[in-house]
Amino acid sequence: MSPRPLVVGVSGSRRDGSYTKRTVERALAAAGRAGAATDLIDLGRVDLPLYHPDRDAGECGDAESLLARVRRADGVVVGSPNYHGSYSSTFRNFHDYCGFDEYEDTVVGLVVVAGGGTIASTLDHMRVTMRGVHADVVPEQAGVLDASAKFDGDGLVDEAVAERVDRVGEAVVAAARRRQVADGASCASADD
Ligand SMILES: Cc1cc2nc3c(=O)[nH]c(=O)nc-3n(C[C@H](O)[C@H](O)[C@H](O)COP(=O)(O)O)c2cc1C
């Protein structure tokens, strides 16, 4: 039996009551039901200065501990609000601290939240950016358009969108398990 995969959620909004955070939480809940342990990084609640290439992560607030949490993950669900047709600076700033050490051999799922109707470009930009750190991005992705009309006090009210978000969490767990099985098989053959 494979060990339980760990899925970390990263929410790239600093707004109180962020819809992105709630969407990432929903994907993590689905990952939990699919058998994963989960952990949420809310970038709105961390001390993370603007990335500076001449400063070590150890000198930069919470950076080192946040990177360690991503390195431990088998899968990551990354969420960003749509800002001007792309991801937020909050998402990007954390991403600039990350590299192959954080994401090589890590499965990633993408979710985006938009006040209006634009999600495709943001998802595309996140996919390319994740490729840049060698993340294994699953094809499933979810966007919440017209976000303020899609949530009530209990969460996402649009069933079709909620199901898409759930599928992202489930797909990350399924792909992380496939990697665990493949890694186990290659370890076994290395021992043979
Ligand atoms: C700087 C900025 C730029 C935005 N640009 C867009 C945009 O191009 N298209 C869009 O649909 N919504 C845009 N929005 C609205 C946000 O996507 C929306 O408010 C979203 O719910 C924010 O996510 P959050 O609730 O997680 O903070 C923008 C908001 C801000 C603050």
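**View 1. Strands S3 and S4 lie side by side.** Strand S3 (residues 75–81) pairs with S4 in the parallel sense over 7 bridges; strands count as paired if DSSP finds at least two bridges between them. At one spot, Pro 81 stands opposite Val 113 in S4. Strands here are DSSP runs of E with at least two residues, helices are runs of H or I with at least four, and both are numbered from the N terminus. Keep in mind that this is a predicted model: local features need pLDDT of at least 70, side-chain atom pairs count only at pLDDT 80 or more, and totals for chains, interfaces and linings use all residues. Residues are numbered from 1 along each chain as its sequence is written.

**View 2. S4 is a covered strand.** Look at residues 107–113: 7 of the 7 residues of S4 are buried, meaning 20 or more other C-beta atoms (placed from the backbone) lie within 10 Å of a residue's own. Val 107, Gly 109, Val 111 and Val 113 point one way, while Val 108, Leu 110 and Val 112 point the other.

**View 3. On to strand S5.** S4 also runs parallel to S5 (residues 136–144), joined by 6 bridges. Here Leu 110 stands opposite Gln 141 in S5.

**View 4. Around Val 172.** Which residues does Val 172 contact, leaving aside neighbours within four places in sequence? They are Val 7, Ala 31, Gly 75, Val 77, Val 107, Gly 109 and Val 138, where contact means C-beta atoms, placed from the backbone, within 7 Å.

Terms used. Buried ≥ 20, exposed ≤ 12 C-beta atoms within 10 Å, placed from the backbone. Contact = placed C-beta atoms within 7 Å.
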